[in-house]
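Biologist: I have a model open and would like to learn how to read it, one feature at a time. Could you walk me through it?

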Amino acid sequence: MGCPFEITLVGAFSQWESTEAVFLERAAPYLADGRIRLAGRLPREGVRAEFDRHDFYLLLSEFEGLPLSVVEAMARGCVPVCASMRSGIDEIIRDGINGFIMTNRNYDEWAARITAAWKERKKLEGMARQARSVVRAKFSVEHVARRFDKVLRGDRKSTRLNSSHGYIS
């Protein structure tokens, strides 16, 4: 496929799962040459700095509601790449516009889409701008305050509760 990469994993391995040793063994060549970096637990500013260093944010979860990590990554201009799932993801990500929603677990396909986007820098920059724009439009303090104000005033015409996701839109 061909593009240079660095994957940074933020967080720690679970003490209740036995995944760390297997991961370290399988990822050893990539850890040794720096293509995979284990950042460990980071404070908020450290996480923001990592977002700023990367073009993409991958969410490999099989289920999430509306993951705050995706919103935070998009706010910093990372293009999100997420699995399709019944969640709030499709409320903020438009496939091919401000991120990618992958319909399967074929990680070769994920890599191909990421590589193609990385090679089209202008398109990737546009997707990053769109990602930031969605967060500003839907999650700014002012926007959320206006929505809550309408709910509290009983303005049901312009505010709806999305019952499948459990949030106000």
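Modeller: Gladly! Helices and strands here are DSSP runs, numbered from the N terminus. This is a predicted model.

Biologist: Is T8 buried or exposed?

Modeller: The word buried is kept for residues under 20% relative accessible area. T8 has 16%, so T8 is buried.

Biologist: Which residues does T8 touch, not counting residues up to four places away in sequence?

Modeller: For contact, look for heavy atoms within 4.5 Å. On that basis T8 touches R37, A39, E50, R53 and H54.

Biologist: And which side chains make a polar contact with the side chain of T8?

Modeller: One is that of E6, at 3.1 Å. Another belongs to H54, at 2.9 Å.

Biologist: E50 was on the list of residues that T8 touches. Where is E50 placed?

Modeller: E50 sits in helix α3, residues 44-53. Its relative accessible area is 11%, so E50 counts as buried too. Apart from neighbours within four places in sequence, E50 is in contact with T8, V10, R37 and L42.

Biologist: Let's turn to strand pairing. How many bridges join β3 to β4?

Modeller: Four bridges join β3 (residues 56-59) to β4 (residues 79-83), and the two strands run parallel. As an example, Y57 has P80 of β4 as its bridge partner. Helix α4, residues 68-75, belongs to the picture as well: β3, α4 and β4 make a right-handed β-α-β unit.

Biologist: Now a helix. How should I read the faces of one?

Modeller: Start with the general idea: an α-helix has 3.6 residues a turn, so residues three or four places apart point the same way. Then take helix α6, residues 107-119. Its 13 residues reach 18 Å from the first C-alpha to the last, close to the 18 Å expected at 1.5 Å a residue.

Biologist: Which residues of α6 are buried?

Modeller: W110, I114, T115 and A117 are buried there. Seen down the axis of α6, the buried residues fall within an arc of 165 degrees, so they line one face of the helix.

Biologist: What covers those buried residues of α6?

Modeller: The cover includes β3 and β4, together with β5 (100-102) and α7 (121-139).

Biologist: Last one: what reaches to the backbone nitrogen of D108 at the start of α6?

Modeller: A side-chain oxygen of N106 does, coming to within 3.0 Å of that nitrogen.

Note on methods:
Residues numbered from 1 in each chain as written. Predicted model: local features only at pLDDT ≥ 70, side-chain atom pairs only at ≥ 80, totals over all residues. Heavy atoms only, no water. Buried < 20%, exposed > 50% of the residue type's maximum accessible area, 1.4 Å probe, protein only. Polar contact = N/O pair within 3.5 Å; in protein donor to acceptor, adjacent residues only side chain to side chain. Pairing = 2+ DSSP bridges. Right-handed = clockwise from strand over helix to strand, strands pointing away. Expected span 1.5 Å × (residues − 1). Arc of directions from axis to C-beta.
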